[in-house]
Amino acid sequence: MVPAYVPNSAAAALGGGTPVDLGKNWRDGRRILGDGKTFRGFFLGVAAGIAVGLIQIVLRETFGWSSLPEHTFVTVTLLAAGALLGDMAKSFFKRRLGKESGEEWLIADQYDLVVGAFVLLLIFQYEWVVRYVDLLVFLWILVLTPLLHRAANIIGYLIGVKKVPW
């Protein structure tokens, strides 16, 4: 999951510029996604996730770190892009519910990246998921994700990248 955990933090730190929704509102009068979802953040976030995934591949194949998953370029790309697409989908629904940008939405805020990553993996790399994601791995993801999410957000808040620590 590391290639999926990195993109949100990278997008927050490196993003800015033109919003993905181009500043437009949905038919309910609310922004489609908001200013926090930018093209630069999306592409640099995905690139950061891919870079971390490629490092994992090199560590496994070159240095024999067999405890790392057997990733491919495709799987790390799907994990990285899926994480941010999941975050964008959550933001879309968050706006429809009248929640403001930065407003906490428990469960959805923590697991949007997991859902997005797994949706893409299940569509395009189903066999990989079946082979490498057993019940124990899935439970670890469920336990670690909110802990890592909170830690990353607190760090982002402390260094001034995020407006709120959640």
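T38 lies in the loop that runs between α1 and α2. The model described here is a predicted one. With a relative accessibility of 5%, T38 falls under the 20% limit and is therefore classed as buried. Its side chain comes to 3.0 Å from the backbone nitrogen of G41. Apart from neighbours within four places in sequence, the residues in contact with T38 are G15, G16, G17, T18, P19 and V20. One of these contact partners, G16, is found just after α1 and adopts a positive phi of about 120°.

The buried residues of α1 are P3, A4, Y5, P7, A10 and A11. An α-helix has 3.6 residues a turn, so residues three or four places apart point the same way. The cover over the buried residues of α1 includes α2 (39-63) and α3 (73-96), and also α4 (108-124) and α6 (135-158).

Two helix pairs were examined in turn. Packed helices are described by the angle between their axes and by the distance between those axes. For α1 and α2, the angle is about 145° and the axes are 7 Å apart. This pair, α1 and α2, crosses in a right-handed sense. On the α1 side the contact involves V2, P3, V6, P7, A10, A11 and L14, and these meet R40, G41, L44, G45, V46, A48, G49, V52, G53 and Q56 of α2. By class, the residues in the contact of α1 with α2 are eleven nonpolar, five polar and one charged. Among the α1 residues in this contact, P3, P7, A10 and A11 are buried.

Helices α2 and α3 also pack at an angle of about 145°, with an axis separation of 8 Å. The crossing of α2 and α3 is right-handed. From α2, the contact draws on G41, F42, G45, V46, G49, I50, G53, L54 and I57; from α3, it draws on F73, V76, T77, A80, A81, L84, L85 and M88. The contact of α2 with α3 is made up of twelve nonpolar and five polar residues, with no charged residue. G41, whose backbone nitrogen is reached by the side chain of T38, takes part in the contact of α2 with α1 and in that of α2 with α3.

Technical notes: Residues are numbered from 1 along each chain as its sequence is written. This is a predicted model: local features need pLDDT of at least 70, side-chain atom pairs count only at pLDDT 80 or more; totals for chains, interfaces and linings use all residues. Side-chain values use heavy atoms; hydrogens and water are left out. Buried means under 20% relative accessible area, exposed over 50%, partly exposed in between (1.4 Å probe, protein chains only). Helices (H or I, at least four residues) and strands (E, at least two) are DSSP runs, numbered from the N terminus. Contact means heavy atoms within 4.5 Å. A polar contact is a pair of N or O atoms within 3.5 Å; within protein, one must be able to donate a hydrogen and the other to accept it, and residues adjacent in sequence count only if both atoms are side-chain atoms. Axes are lines fitted to C-alpha atoms, for helices over the stretch in contact, and angles run from 0 to 180 degrees between N-to-C directions. A crossing is left-handed if the near helix is turned anticlockwise from the far one by less than a right angle, and right-handed if clockwise. Ala, Val, Leu, Ile, Met, Phe, Trp, Tyr, Cys and Pro count as nonpolar, Asp, Glu, Lys and Arg as charged, and the others, Gly among them, as polar.
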